[in-house]
Amino acid sequence: MKRVFSKSAKMLVLTLMGILVISATAAVYYSLDMTSTITTAANDIWFVEGLDNVTAGVTLFNDNKSATLTDLKAYPNITMTYDDPIKVRNNNTGTNHFVRLTPVSLTGTATYFVYINFTLQTSTPISLNYTSNGASWTTPSQTSFVQVDMNTEYSIVVETMANATAPADQIATIEIAVEVQL
Amino acid sequence: MVRYSRYSGKISNPVLAAAALLIFLSLLLQSVLGTAYYSLAMNAYASVSSPPVILQNGTAGTCTIYANNTSAKVNVANTTYDYVLRVNNTIADSWQIRLKKYADSNINRLQNCTIYFHNSTDGTSSQVHIENGAYTQDTGTWYNLPSLATIYIAITVVTNSTGTSHVHSYLEILTPNTSTYAQYVIAFEIT
């Protein structure tokens, strides 16, 4: 009887201690998350301009953590490619990171577009391909995480096409996010 | 030594159980941490524009120009055609252009086939060349398309049998000193 009680008591005490430790650990981890959010201002990943920054109308702001591409053209029945309008840079010289592409918002009529595609040229490229059937858009799914090597830059290729009878001045606005895993 | 050994045996099971529980909960915590991220925002504005470079009919062969003058189908037979298409720059900007084969069919019968550019002042520029059914050149060198200028696409064909061959190509139009380019589809049908 004494042995059973002793074993159970030890088990209970150890488990409670473990849960306490885990709870305490969890609190520390959540605190670390908050710390990471604060250090975003000096993060390792940011945008830099590519060779095609002028033709694509690239503007960087918010310490290169936000970008606009205002001059992308879509021509009727033509594949228009911007091979290097903007890059994602991992500025850390000792740590690889992981990023993914996430669709955020899309406005503009689908009637006159065929597709607008964004591809991050990592060793395994990831893409967000917005396609239109002439009536409605199909928004792509969030990509998986891919590695961005330390001290390395990766281009985001943009490809567009309007349909054969598209008139000029139709506009589509797309916001995407490059999400950096902590 | 004996007492130590017996004591060790008694406490090992609950310790192991607790340790296993701790490891399991720690793994759960790792999973939660794996979803944390921060975001860079990118806004892209794409507008439909009129093509600054358009395709126009030539004076030889049979040519079909499709909507918005951005794609074409050329039909030729066994001879020289100068010219089957015109590439017309309608604005003041300059470009560089080339032809690039991306697909074909039944080209074995093409003993000699050359698709080339020329303008009114400079020499010719071979873009796609097939000899005895095999490519000796499937992508051309860049050729200047100056402001408001016209480039002519010509073709010379020698076949060694009857039939129909196809060469599907892109006319690539590059903004100089960038990697921004457009691809127009041009199909050559050779009977």
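Guide: Gladly! Keep in mind that this is a predicted model. Let's begin where chain A and chain B touch. The contact draws on 64 residues from chain A and 39 residues from chain B. On the chain A side, the elements that each give two or more residues include the helix α1 (2-39) and the strands β1 (45-49), β3 (66-74) and β4 (79-90). Further along chain A, β10 (152-162) and β11 (171-181) belong to that list as well. The largest share comes from α1(A), with 13 residues. Sorted by class, the chain A side holds 34 nonpolar, 19 polar and eleven charged residues.

Now follow β4(A) across to the other chain. Four bridges join β4(A) to β13 of chain B, residues 180-190, and the two strands run antiparallel. To find your place in β13(B), look for B:A182, which stands opposite A:M80. In general, strands of a sheet pair through backbone hydrogen bonds, either parallel or antiparallel.

With that in mind, let's turn to a sheet in chain B. Six strands form this open sheet, in the order β2-β5-β11-β7-β8-β9, with antiparallel pairing. Its edges are β2 (53-57) and β9 (134-137) of chain B, each pairing on one side only. From one strand to the next, the twist averages 20°.

Methods
Residues numbered from 1 in each chain as written. Chains lettered and ligands numbered in written order. Predicted model: local features only at pLDDT ≥ 70, side-chain atom pairs only at ≥ 80, totals over all residues. Pairing = 2+ DSSP bridges. Axes fitted to C-alpha atoms, helices over the stretch in contact; angles between N-to-C directions. Contact = placed C-beta atoms within 7 Å. Nonpolar A, V, L, I, M, F, W, Y, C, P; charged D, E, K, R; others polar.
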